[in-house]
Structures are given as structure tokens and as C-alpha cells.
Amino acid sequence: MRVTLEQQLAGAVDADLTAVFGAIALAAREIERKIRLAGLSDTYGAVGATNVQGEQQQKLDVFANDVMMDELGKLNCVAALVSEEDEEPVICDHPGSKYIVIFDPLDGSSNIDVNVNVGTIFSIQEFAGGDLSAAILQPGTKQVAAGYVVYGPSCVMVMTTGDGVSGFTLDDTGEFVRSSEKMMMPQQGPYYSTNEANASTWPDAYRGYLKMLLAGELNGKTYSSRYIGSLVADFHRTLLKGGVFLYPPTAKVPNGKLRLLYEANPMAMVAEQAGGAAVNGPTRIMELQPEKIHQRTPLIVGSKAEVEALQEAVAQE
Ligand code: P6P
């Protein structure tokens, strides 16, 4: 039976949250088209500016951010928009607005110009009035919805509103049509996914953990390495096939590279809703209390067996 994103949401969440997803879907459709045709227009490459992260802003980063801001900014139910690309939140002064949308408009920038999967990641928090800055910094456990869009051979949105994980594929009429429901992550997987070039500066516990995995000491399982370098793509494979993605602390990024609000938290909500887990090492990602909107965190996310084994390894350090 053909079920669209809007049809699934209509029976499950309020009209405002459905409208937020509708805006994200519209933006994703525009971003997908821009990426697909980027080679035919002057869209690849850097804009010559750096973003708040100190990273070279790619033209497609700016396009994706503008489109997300434009589509979501039209909604009266949106109280604030927080983007990886903008230093400060965009406060949308709509009386009675109730949702905060926090997003990485285009994740995986280093892969844009080589036609490798990139994605949009989003986290939705509720705003019940009062201190908006505090509401923006709610922990991941308070997310009302989260998900991502992976732009690859097909364009797929994976999302949760707290009642399981569903996948929707963009069809040739421009609709996101349900292609997976009740998605569950395997309890243990065949893959580990990490940038091993950093291993020499990881904390010892992480090196010991990887050695243990590769020695087949976790339930006798053997592993293959898969690392795409786009969180959305590496996570999506982990969700479907199982295993573990890890970005530990390194000498260069001692607090981790990935951002808590718009990378780790949304992936953690999807992972947990699919029976997986997500930690920063010792602590569940979604229980971390954010202090700043762009703060970074180590991220270990994936099947329960591997993530729990990592927590044990770090606890023994
Ligand atoms: P590294 C992409 O730039 C990103 O933010 C994530 O999508 C990805 O998981 C990570 O950085 C890759 O980082 O240091 O391995 O290139």
C-alpha cells in the first residue's frame, strides 16, 4: 500500500509537526535536485568563506542552508531554527510557536564534489514558552522527532517521532513514499566504521576495543571495515546492516568532532528507536546536557552489542 510521509504523520502527530516535516521534505527535494545536477552548473566547490565551525563552506552547504531556512521559516509554528552553518539561532518571532528545528543542512561536505552520499540531519525540540535559549539546549531525551535524508542512488528520509523508525523514498512524482517501517538495527553487525588514521591519538581504551573486535572476541564475530566519511551514509548502513560507527576523542578534537545538537542527538534518537544505542564513551548521548549549540562530542553509535562493549572498555580505563 502506498503511504506518503504526510499520510503516515497525519494519524500520528499534530498538524504543526506534520507541517514541519512537510517543509523538511520540500527542502530535501530541492537539495536533492541541486546535488543531482551540480555537475552541470557552477555548484561544486567552496564559496571562499569559512563557517562557524572554521570549515570551508561549500556552495552546496550554503544552498542547502538557505533552502532549509526558507521552507521552515515560513511556518508560524516554528519558534527558532538552529543550523550548523549559522553561529546563532534564527529566532522566528511567531506568537505561540511550538517547535525548534535544529539541523545540519548538508552533512558530509568533503564528499560533495566526488559524487558520494551526503545528507541532511534534523532534530525537533518542543518549545512550551518561556526561555527559548534554554529550550534550544534541551537534552536529546526531549526530542519530539529526529531523522535524516540521505542523498544517494536514491533519496531516502529516515525519521522517528518516538514510535519506531520509518524510511521514505523520494519517488518520481516528488513525494516521499514509505519504503521501510518499524526499522530495527541488528543486535550485532559485521561492520565497524571509523577513521583509523586517528587511531594513534585515541585514548588507549578505544584502541584496545578495536583490537578486541578485530580479534573476534565479541561473541566470536568477525568484522569488515566500512568508512564513507559522511555521517549520514555511515549511520544509514549501520542502521540497516548493524555494527558500530565511532568517532572517538583525538588529539585534534579531544571533545570529539561531531556536533551534539544536530548530528549526535538525532542519530541517537533514531538508533535507540531502532533498538540500537549511542554514547559519548561512558554516557548515553541523549542524556548529555548541552551547554552550547555547536558543542562537539565523541560519538559511538550502532548495535547494542558493540556499543555496550565500548562502554565497558571505557569504564575500565
Ligand atoms: P573525518 C563530515 O565532514 C563529518 O562532519 C561527518 O559527516 C563525518 O562522519 C565526519 O565529519 C568525518 O570526519 O575526520 O573522518 O573526515
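A residue counts as partly exposed when its relative accessible area lies between the limit for buried, under 20%, and the limit for exposed, over 50%. In the predicted model described here, Val52 falls into this intermediate class, because its relative accessibility is 32%. Val52 is placed in the loop between strand E1 (46-50) and strand E2 (56-58). When neighbours within four places in sequence are left aside, the contacts of Val52 are with Glu84, Glu85, Asp86, Glu87 and His294. The C-alpha atoms of Val52 and Glu88 are 9.2 Å apart in space, although the two residues are separated by 36 residues in sequence.

A contrasting position is that of Gly11, found in the loop between helix H1 (5-10) and helix H2 (15-36). Gly11 has a relative accessible area of 75% and is therefore exposed. Between the C-alpha atoms of Gly11 and Gln57, which are 46 residues apart along the chain, the separation is 39 Å.

The domain assignment of the chain gives domain 1, covering residues 5-180, and domain 2, covering residues 191-315. The C-alpha centres of these two domains lie 23 Å apart, and the contact between them takes 46 residues from domain 1 and 32 residues from domain 2. The area buried between domain 1 and domain 2 amounts to about 2,700 Å², with carbon and sulfur atoms giving 64% of it. On the side of domain 1, the residues that lose the most area to domain 2 are Ile121, Leu137 and Tyr148, which together make up 21% of what that side buries.

Strand E6 (residues 118-126) contains Gln125, and Ser123 is found in strand E6 as well. Gln125 is buried, since its relative accessible area is 1%, and Ser123, at 1% relative accessibility, likewise counts as buried. The side chain of Gln125 reaches the backbone oxygen of Gln138 at 3.3 Å, while a polar atom of that side chain lies 3.2 Å from the backbone nitrogen of Gln143. Gln143 also takes part in a polar contact with Ser123, in which the two side chains meet at 2.8 Å. Beyond its neighbours within four places in sequence, Gln125 is in contact with Lys98, Tyr99, Ile100, Ile102, Ala135, Gln138, Pro139, Gly140, Lys142, Gln143 and Val144. With residues up to four places away in sequence again not counted, Ser123 touches Ile100, Val101, Ile102, Gln143, Ala145, Ala146, Leu261 and Pro266.

The structure holds 3 aromatic pairs. One of them, formed by Tyr148 and Phe235, is edge-to-face, with 5.6 Å from centre to centre and 85 degrees between the planes. Because Tyr148 lies in strand E7 (residues 145-151) and Phe235 in helix H6 (residues 231-241), this pair ties together parts that are 87 residues apart in sequence. Tyr148 and Phe235 are both buried. Another pair, that of Tyr227 and Phe245, is stacked, with 6.4 Å from centre to centre and 15 degrees between the planes. Tyr227 lies in the loop between strand E12 (224-225) and H6, whereas Phe245 lies in strand E13 (residues 243-247), so that the pair ties together parts that are 18 residues apart in sequence.

H6 is followed by Gly242, which has a positive phi near 90 degrees.

Charged groups placed over aromatic rings complete the description. The charged end of Lys34 sits over the ring of Phe63, at 4.9 Å from the ring centre.

Definitions and conventions:
Residues numbered from 1 in each chain as written. Predicted model: local features only at pLDDT ≥ 70, side-chain atom pairs only at ≥ 80, totals over all residues. Heavy atoms only, no water. Helix = DSSP H or I, 4+ residues; strand = E, 2+ residues; numbered from the N terminus. Buried < 20%, exposed > 50% of the residue type's maximum accessible area, 1.4 Å probe, protein only. Polar contact = N/O pair within 3.5 Å; in protein donor to acceptor, adjacent residues only side chain to side chain. Contact = heavy atoms within 4.5 Å. Phe/Tyr/Trp six-rings, centres within 6.5 Å; stacked < 30°, edge-to-face > 60°. Lys NZ or Arg CZ within 6 Å of the ring centre and 35° of its normal. Domains from an automatic or database assignment. Buried area = accessible area lost by both parts, 1.4 Å probe.
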